[in-house]
Amino acid sequence: MLAKSLIFSVWGHLLLVTYSALLSTVASFVGPYLIDYFVRYLTGDRQFKNQGYLLVLAFILSNLVEGFCSRFESFRLQQVDMRLRASLVSVIYQKGLTLSSRSRQCRSSGEIINYMTIDASRVSSFSYHMLHLSSVPVHVILALLILYPQMGLASLIGLAATFIVTLINVPIAKLEQNYIGKIMESKDRRMKATTEILRNMRILKLQAWEMKFLSKIMELRKNEIGWLWKIAYVLAAAIFLVSCSSIFVAVVAFGACMLMRIPLGTGKVLTALATFRTLQNPIFAIPDTISMLVQIKVSLDRISSFLCLEDLQPNVVEKLPRGSSEVAIEVSNGNFAWDPSSETPTLKDLNFQVLKGTRVAVCGTVGSGKSSLLSCILGEVSKISGTVKLCGTTAYVSQSPWIQSGSIQDNIIFGKEMDMVKYDRVLEACSLKKDLEIMPNGDQTVIGERGINLSGGQKQRVQIARAIYHDADIYMFDDPFSAVDAHTGSHLFKECLLGFLSSKTVVYVTHQVEFLPSADLILVIRDGRIVQAGKYNEIINSGIEFMELVGSHMDALAAHNMIKHTSNNSSDIIQGGPSASKSSAPVPQQAELKDTENCPSDEVRLRGQLVQEEERETGKVGFQIYWRYITMAYKGALVPLILFSQILFQVLEICSNYWMALESPLSDDLEPPVSGSMLISVYVALAVGSAACILIRTLLIVIVGYKTATMLFNKMHACIFRAPISFFDSTPTGRILNRASTDQRGVDMYIPFQIGSFSFSIINLLGIILVMSQVAWPVLIIFIPVVATCIWYQQYYISTARELSRLIGVCRAPVIQHFAESMSGSISVRSFGQEKEFVNTNYNLINDLSRLQFHSTGAMQWLCFRLDMLSSLTFAFSLIFLISMPEGVIDPGIAGLAVTYGLSLNMIQTWVIWSLCSLENGIISVERILQYTNIPSEPPLVIDESRPDHIWPSKGEIDLLNLQVRYGLDMPFILRGLSCTLPGGKKIGIVGRTGSGKSTLVQTIFRIIDPTVGHIFIDGIDISTIGLHDLRSRLSIIPQDPIMFEGTVRSNLDPLEEYTDEQIWEALDCCQLGEEIRNKELKLDSEVTENGENWSVGQRQLVCLGRVILRKSKILVLDEATASVDTTTDIIIQKTLRQKFSESTVITIAHRITSVIDSDIVILLDNGVIVEIDSPTKLLENKSSLFAKLVSEYTTRFYDASRQ
């Protein structure tokens, strides 16, 4: 069905191309048809005056018509290719936006990117290959019409031989189809893994897992290369068979003539050779054509299967006209499941109404179904039964922030018209103004991929600003306040939910109990059911679930005597409080500076943006690139053998044709110089020798090409995995994937053959000139200036074509990047109703790419047309010279052979330049890959002479000495002279407003960034003197963004396969996931989909906890590790950590004060300086201390809300 649709979409162009191809094919056979007349003319058989000049005119006109039609055909076919590719990419993109959750789990982003970059390109080229294959019968029929008058029934036998040759390719094609399918499957697996790894490179480096995951990529590549080798051998066999096929057809035809006693004069032999030579190219191309058609069939099936995947159910939500009802949201008898085939629904027995203008809070424990409830209201979860009604437009703020690449302003207005007054109010409400003042270009600062240069809090506030600016009727917030500190959270809740959205319908998920009393309706969820519903005061004493949630929070506060410390000064806090001494002055609200990403390098500061336009080389591709590529495998030792094989092939082919021309009689009535058996035997021997040369040449090219491709792949990936984090912060994933996918495919499949094609066509051209100049030596006089003109045209063209090719490579990455972003934020795109705008953006990106491809194609045909004219000029000059010579001066047989070769001069000369241009364009893939083999590397993973003991660190004591850290030579310091000792085995809490330097300190300990001044000692060892792997593998961290990788529960907990199942189960029980996993059918082998999307964010954070419990390091860092879990689970986690890491140094960064209040030492950072450091008890005793004020602010937020 897809194939029919594609054909019908371009049938007009195909019809026009078919007519042009037919005319070109007919013109190509005019020359072979006239050769016999030309030879007879040279022998003196002249039928009328000026016959020679008319023959020359016929030769030249047919040459010109063939050249013009070929150029027209190529140009139109390229247009068809571009149209089809653009259509396929657009359809794949639109399908990606509508996939259901279950379908998303079947296809990863990496697989779909392969559909767009590789499969779509293959399918779009089907018209060229179909036209070529369908032209073969036309070539055969025309050849028969020429040969039958000359050779009689022997020509039919030759035709039969041609069909036998074609049939031989059928089993080879089937084998090739199987291998191509395997290659694409292995490529999909590799790209899926690469996409996931690049997205999570930061956590891999923190955990010292990058080399393990690199080995995983290498293993996948090894499997892919195995299939590439198999298909290469099949292709080599096919090329050998087809090379022999032209010989086989000629031998069969000439042998039949001998057996039937049909005389073979020189004219007949040369006509036959010229005809077979014309047939040779389409027949030679049969293996490649069949190979490509097989690949196209595989790609077509893959795209078709993707397009047939299940979409989101269109009738899940009944959308009522805006203002038609006072009920904004109504769910009746609702049962929903992410997987409709599952026996247990995700959400069960849902019945509730939300009136217009109502605030609804959703709470519950981790994994209870809170986020799923919001998703079902948005229509993202499959409906099993019941009804969902929405009245009005929606806006959605996800738990994991989704930020587009682009400016902050673009992210906020999100396709809406700019209203400066409203925009200014939104920035104020979301506390973004101070952030924008610090950023180099204000709200025009370009955000990196996935918001990489923003903090977690900034990303959430940009998301909230986007939702508020959208001015929807119904707002859904999925726990957005967990990523910000207490003060900012209170401000956002008050200004946004209670202020800006006071008249709107708001549904918000939260683990923060202090935000619950403000709700008009609270929904308590447990195991996918609403177990309690009502106002705060109504349900506080009516059921155990809500009491447990609130009670846990109260217990956490009471357990640390926080109430006693803060009740006396709560009124002061609300009113601002009196100023204290300088050391404990209130900390003003600061803009959230992400410690690392906001300023990843001095280059960012200088240029003003983190993500720059992709760098590209300019000017001519240097000879060094070619030389590095050619000599990379076996130091270039096999290259001379390849060239020698081709030269020997050319010599043997010319000798075989010379033999047939010289040893055949000039006319039928003359005695042949040698016997027929001798004539055929020598011809067969020479032809078999030339075929053997082709086999050797092809095998050597395959060996060298794949060895080089493997080396380039390994070098590029080794450099990428060893690159510093700043590289990944400033480089969109699409750029790396473009090289790993499209450019690597070129190196794998095309470039070796492009280099071979260019060198072989040069040798072929020299052979033709040699043959022509032997009888028409003056041809050299015109050949030299013609070649010079060709080179001038080629140089004139290539400067433009080269830059176009580079721009095409640069413009391809945004298409991939935009798709990856759209897929990751598809829920947000749909909830805001922005599908049409995103599809239009995709159209524009594709049009930008297609425009460049169109110009590149036009430039190529411009060059080829002029080369055709010049080669026709050379051929015309040689023909005129031959007919102008007196009779008997030139051997007619050799002259006829020269004309036979001259007929292909047009094509070969064009092919030389075309091969050179294609190579220059293709070699850019090598150039782009080599760019990524020169990425600056991190410090060594292991320093052999400075390796710590296997028991290090034994105490876990950390000494900071005058630590000063900044992200570039001309940038301000983030940490300013930190000096302190963190005792081993103690619990250290680090607090401070966002932007104070907490995350920078953590990343400096892990050497994600090295200090500019100062040192860090762990158990007396300066960490700058040991290898990164030795350092990071001895530390543990639970990051702010919980990461799970595609695979199983076991592989996520123990990716290095170091622990037993018993140890893994113990860790799962400790992190409150044991029972959940035991209830699953596959237990530890339960599936984890891409990004862990089939697990809640809270559950993912618990898995991260399980990892560190398994590792049992002496130093553990918790970076907002419990932000996405409820207070009850947080208390259990803290208790588990106290038990399991009682002798370890635990550094906790948290906005939730209950997570740090029981620490042995609390460090309060402000603007990169330690403002306070002491035990929590002592800091709380001093009511004017900054820490006391932070605690007071946190608790006051709860009590203030409870009084409402």
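Here is a short chat about a predicted model of a protein chain.

Visitor: How many helices and strands are there in the protein chain?
Guide: Let's start with the overall picture, keeping in mind that the model is predicted. The chain has 1204 residues, and 61% of them are buried. Its helices and strands number 43 and 24.

Visitor: Are helices α2 and α4 roughly parallel or roughly antiparallel to each other?
Guide: Look at residues 11–28 for α2 and residues 51–98 for α4; their axes are 8 Å apart and the packing angle is about 155°. Angles over 145 degrees count as roughly antiparallel. Therefore the answer for α2 and α4 is roughly antiparallel.

Visitor: Which kind of crossing does α2 make as it passes α4, left-handed or right-handed, and how do the contact residues divide?
Guide: The crossing of α2 past α4 is left-handed. On the α2 side, the contact residues include L14, V17 and A21, while those from α4 include V65, F72 and R76. Taken together, the residues of this contact divide into 11 nonpolar, 6 polar and 4 charged.

Visitor: Which residues of helix α24 are buried?
Guide: Find α24 at residues 623–632. Buried here means under 20% relative accessible area. The residues of α24 that count as buried are I625, Y626, Y629, T631 and M632.

Visitor: Which residue just after α24 takes a positive phi?
Guide: Keep going just past the end of α24 and check the backbone there. The phi in question is about 55°, and the residue is Y634.

Visitor: What share of the accessible surface belongs to carbon and sulfur atoms?
Guide: The accessible surface of the chain comes to about 46,000 Å². Of that, the carbon and sulfur share is 58%.

Conventions:
Residues are numbered from 1 along each chain as its sequence is written. This is a predicted model: local features need pLDDT of at least 70, side-chain atom pairs count only at pLDDT 80 or more; totals for chains, interfaces and linings use all residues. Side-chain values use heavy atoms; hydrogens and water are left out. Axes are lines fitted to C-alpha atoms, for helices over the stretch in contact, and angles run from 0 to 180 degrees between N-to-C directions. Helices (H or I, at least four residues) and strands (E, at least two) are DSSP runs, numbered from the N terminus. Angles under 35 degrees count as roughly parallel, over 145 as roughly antiparallel, 65 to 115 as roughly perpendicular and the rest as oblique. A crossing is left-handed if the near helix is turned anticlockwise from the far one by less than a right angle, and right-handed if clockwise. Contact means heavy atoms within 4.5 Å. Ala, Val, Leu, Ile, Met, Phe, Trp, Tyr, Cys and Pro count as nonpolar, Asp, Glu, Lys and Arg as charged, and the others, Gly among them, as polar. Buried means under 20% relative accessible area, exposed over 50%, partly exposed in between (1.4 Å probe, protein chains only). Accessible areas come from the Shrake-Rupley method with a 1.4 Å probe; for residues, only the protein chains shown count as cover.
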